[in-house]
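Here is a friendly note to read alongside the model. Please keep the structure open as you go through the points.

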Amino acid sequence: MSAREEILAAVRRAVAPIDGSTERPWADVPRGYRDRSTRDGETDGRAAVLDRFAERVADYRATVVRCTEAELPDAVRGAVGDAGTVLVADGLPEEVAGRLEHVVRDRQTPALELDRVDAVVTGATVGIAETGTIVLTHGPAEGRRAISLVPDVHVCIVRADQVVTGVPEAVALLDPGDGERRPQTWISGPSATSDIELDRVEGVHGPRTLHVLLVG
């Protein structure tokens with residue numbers, strides 16, 4: 001018996017029912033996951049949580065702009081800059097893209113056309129202050145995963161009431177509670193990697209530039 005066959009045989013024995021029973025032989029493992037962050041958002045105050053989120057997002061070399069709802073269209077226009085074609089998630093309100101030129105609404109835009117898009121504007125589901133992470137669950141205001149991964153510039157709108165203190169609070173919000181599995185994209189700054197000499201290269205696996213507009 002080869003090593004491979006020996007390992008697979010051991011796996012089959014481990015997962016096989018015992019004495020004809022349909023139950024598996026393993027025991028339930030108690031899970032003691034934290035459901036609250038070690039930092040208390042209520043104690044810190046809401047303003048401190050938002051400040052920490054903005055600071056941590058900026059630490060990842062993303063650009064953070066804080067604005068009001070009324071200032072949002074101008075903030076989007078400023079973030080897009082001189083980008084040519086701008087793709088906007090189909091579920092975002094019309095006024096968000098009101099100041100933009102060459103706007104395309106994503107309605108299953110083919111991959112080859114996505115590659116010719118200069119920037120994308122999406123919403124978000126949740127922002128995590130402790131880690132500076134943004135999570136997209138790809139509802140109408142966030143669009144398909146592809147639109148936030150292919151264009152070189154991603155402008156992401158995060159509203160103040162979407163920002164939570166830490167990962168446990170975010171996970172609780174992201175659990176749909178109905179058993180449905182939904183795609184998620186966790187974003188911590190622009191796409192970046194390092195080669196063998198630790199030279200940082202941005203834009204390899206996603207957008208090279210990330211603008212976060214914190215509204216509220």
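1. Strands here are DSSP runs of E with at least two residues, and helices are runs of H or I with at least four, both numbered from the N terminus. The strands β7 and β12 run parallel and are joined by 7 bridges.

2. Before going further, a word on the source. This is a predicted model, in which local features need pLDDT of at least 70 and side-chain atom pairs count only at pLDDT 80 or more, while totals for chains, interfaces and linings use all residues. Residues are numbered from 1 along each chain as its sequence is written, and side-chain values use heavy atoms, with hydrogens and water left out.

3. Now step back to the whole sheet. It is open, with 6 strands in the order β1-β12-β7-β4-β2-β3 and parallel pairing; two strands pair if DSSP finds at least two bridges between them. Because β1 (63–67) and β3 (103–105) stand at the edges with a single partner strand each, one side of each is left without a neighbour in the sheet. On average, neighbouring strands are turned by 20° against each other, direction ignored.

4. β1 and β12 pair in the parallel sense over 5 bridges, and Cys67 has Val215 as its bridge partner in β12. Strands β2 (residues 86–88) and β4 (residues 119–122) also pair in the parallel sense, over 3 bridges, with Ala119 in β4 as the partner of Val86.

5. How many of the 7 residues of β12 are buried? The count is 6, so β12 is largely enclosed by the rest of the structure. Buried means under 20% relative accessible area, exposed over 50%, and partly exposed in between (1.4 Å probe, protein chains only).

6. Next, look at the helices. Helix α3 (residues 46–59) lies across β1, β7 (153–159) and β12 (209–215), at about 150° to β1. Helix α4 (residues 72–80) lies across β1, β2, β4, β7 and β12, running at about 170° to β12. Axes are lines fitted to C-alpha atoms, for helices over the stretch in contact (heavy atoms within 4.5 Å), and angles run from 0 to 180 degrees between N-to-C directions.

7. Finally, the interior. A nonpolar core is a set of buried Ala, Val, Leu, Ile, Met, Phe, Trp, Tyr and Cys residues joined through side-chain atoms within 4.5 Å. In the largest one, of 25 residues, Leu72, Val76, Val121, Ile157 and Leu213 touch the most other members. Helix α4 gives the most to this core, with 5 residues.
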